[in-house]
Amino acid sequence: MGVNVGFCFAQIDDLDYQPKYYVISKRISKVAIGSLPIMMFSVAKHDVLTYISGLQHDRMEFLHKWLARIMWVMISAHLALAIYYWLSLKFIIMLYIPPQIFGFIAYFSFCVLTWGSVKFIRELAYDFFLVQHRVFAFIMLLLSFFHNGGNRAAILIAVHGLVIDRVVSKVFAHIHAHKSPTKGRCEFKILDEGTVSVTIPVCEAGYSKPKAWYTRFLPKYKTWKAGQHIYFNVSKIKFFQYHPFTIASLAESGEMKLLIRVQKGFTKQLMKNLEQVDHDVVTIKGMFHGPYGATYQPFIGFDTCLFFAAGSGGAFTFPVCLDLLNQIEKRNDFGDYLFRPATQTIRFVWSIKKTDNICWFEDILKQFAGRCIVDIYVTQECKEENSSSTESNSKGSIMEITKTLSNDYNIYYGRPDIECIIQQHSQQLLPEQSISVASCGSPPFTKKVKESCQAARKLDKSPNVYCYTESF
Ligand SMILES: Cc1cc2nc3c(=O)[nH]c(=O)nc-3n(C[C@H](O)[C@H](O)[C@H](O)COP(=O)(O)OP(=O)(O)OC[C@H]3O[C@@H](n4cnc5c(N)ncnc54)[C@H](O)[C@@H]3O)c2cc1C
């Protein structure tokens, strides 16, 4: 923002043949339009800008929103100063010529884009937000292009960049569907009244992923990194809509597993359709593009790794933790201890509403057995014999610890004390050691994890604390 303001006033005095405010008005529009490529690339699906900047995709969304709002303020200033200039010259006809009319329409579209996408509208009607955003973005970009010939380069770069991103995504969606072992047929299963699991077969047995170094920079095909997400479409439910879901399985399994929590739009419609079919497992054609995201540091180098998940947020943390355990096992087998501690403490904390939710990730939980500490916190239930103490449970106190028969995981009733868990582990480490915290859940849960990491960093002789969070 500082750079933008600086550019708006730099060397303005050199131009003395026009009123200063008019020169500034022109400059403001140039600087604003100069931010357009970054603003547009920040919502690209592919991770080019995330890799260059090191920012996660949700931070990119933040950048997109705030850059757009700053641009709106600048364009408003440009409009006001330019109108004032022509009115002060009593040259009103200049406000009616076609380029100015295009400018006014582009500005109106920009207003709708900026203020029609505020949080409460997105929460109220996400589909409406998406449609109006696309329509008005098209009008705004086209008419800004016609409004001022000097701005065309920035608009062309921004539009072409985003179009290439979207075209590559859609081409890959068709390639994935065409090349999948089932030609895009996916299995859907209702897990409970608010949850659906999807299995997408991706590669046939024996498929080995390409190992050439340059494949790192190409869109991933038939493979993915633990914790990445895809955009999933079921044309039978909503023809045009692609929704992001995290892949809750590892690439070695050859099939993508998604855990879908029912909301109010596409997911609700999907659940309705599945309920009408009298089968346990329903097969429907689906398409996806991706995978994207999961730009975390390798966890294998940390002395302690903590994983926190709330509800379906486990779709991110479960595969990431399992991948780490597999890596450790593999490297132990080879006796490879380069750039990693000889012993690592791994704790997995999962907060769920009901014990029934355990079935969502039961297969991965089984693979955790004996390899890491697993704590499951059940927040909306309590043990029958303690049911009279429900009140204290809702206040967040841990009521009871129960070891399951299998001893695979600990079940606690209540909310996890995230700050306490992080501090306990970080205090066991030396200042030169390191601890990583990965988390996924609702925005308040993620915020709590981030704040707890920050608090742990401030402790005396604290180790290095790395925090990676995702939220949805
Ligand atoms: C990176 C990422 C990973 C996700 N992983 C999972 C997962 O593993 N399991 C899961 O249940 N949910 C996941 N979600 C959330 C999931 O995308 C939404 O719940 C889903 O799109 C809701 O669809 P709907 O039409 O029923 O929602 P609506 O009821 O129409 O909207 C509910 C909310 O969902 C979000 N949303 C809706 N459509 C989109 C979209 N196209 N893009 C982004 N957000 C949208 C909006 O915040 C909206 O307010 C993830 C979201 C993101 C961004």
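**Group meeting: the ligand and its surroundings**

Let me start with one contact. A nitrogen atom of the ligand sits 2.8 Å from a backbone N or O atom of Leu259. Before going on, please note that this is a predicted model.

Two further contacts belong with that one. A polar backbone atom of Pro244 is 2.7 Å from an oxygen atom of the ligand. For Arg261, a polar backbone atom is also 2.7 Å from a ligand oxygen. How much of the ligand does the protein bury? On its own, the ligand exposes 870 Å², and the protein buries 83% of that.

Now the shell. There are 20 residues around the ligand. The closest are His243, Pro244, Leu259, Arg261 and Thr267. Sorted by class, the shell has nine nonpolar residues, seven polar ones and four charged ones.

Which elements give two or more residues to this shell? They are helix H7 (119-124), strand E4 (243-246), strand E5 (255-261) and helix H10 (266-276). E4 gives the most, with four residues.

Next, the domains. Where does the ligand lie relative to domain 1 and domain 2? Domain 1 covers 2-166 and domain 2 covers 180-292. Both give residues to the shell, so the ligand lies between them.

On to the record. An unreviewed UniProt entry lists residues 66-87, 93-116 and 128-147 under "transmembrane region". I will take two of those spans. Residues 66-87 are 100% helix and 0% strand in the model, and their end C-alpha atoms lie 32 Å apart. Residues 128-147 are likewise 100% helix and 0% strand, with 28 Å between the end C-alpha atoms.

Let me turn to aromatic rings. The structure holds 32 aromatic pairs. One of them is formed by Tyr296 and Tyr468. This pair is edge-to-face, with 5.6 Å centre to centre and 80° between the planes. What does the pair tie together? Tyr296 is in the loop between strand E7 (287-292) and strand E8 (304-310), while Tyr468 is in strand E14 (residues 464-471). The pair therefore ties together parts that are 172 residues apart in sequence.

Last, two points about the backbone. Some background: most peptide bonds are trans, and most residues other than glycine have a negative phi. Here is a cis bond. It joins Gly290 and Pro291, with omega about 10°. Pro291 lies in strand E7. And here is a positive phi. Lys222, a residue other than glycine, has phi near 60°. Where is Lys222? It lies in the loop between strand E2 (195-201) and strand E3 (229-233).

Key: Residues are numbered from 1 along each chain as its sequence is written. This is a predicted model: local features need pLDDT of at least 70, side-chain atom pairs count only at pLDDT 80 or more; totals for chains, interfaces and linings use all residues. Side-chain values use heavy atoms; hydrogens and water are left out. A residue is near a molecule or strand if one of its heavy atoms lies within 4 Å of it. A polar contact is a pair of N or O atoms within 3.5 Å; within protein, one must be able to donate a hydrogen and the other to accept it, and residues adjacent in sequence count only if both atoms are side-chain atoms. Accessible areas come from the Shrake-Rupley method with a 1.4 Å probe; for residues, only the protein chains shown count as cover. Ala, Val, Leu, Ile, Met, Phe, Trp, Tyr, Cys and Pro count as nonpolar, Asp, Glu, Lys and Arg as charged, and the others, Gly among them, as polar. Domain bounds come from an automatic or database domain assignment. UniProt positions are given in the numbering used here, feature names are shortened, and annotations may be inferred rather than shown by experiment. Rings of Phe, Tyr and Trp (its six-membered ring) pair if their centres lie within 6.5 Å; planes under 30 degrees apart count as stacked, over 60 as edge-to-face and the rest as tilted.
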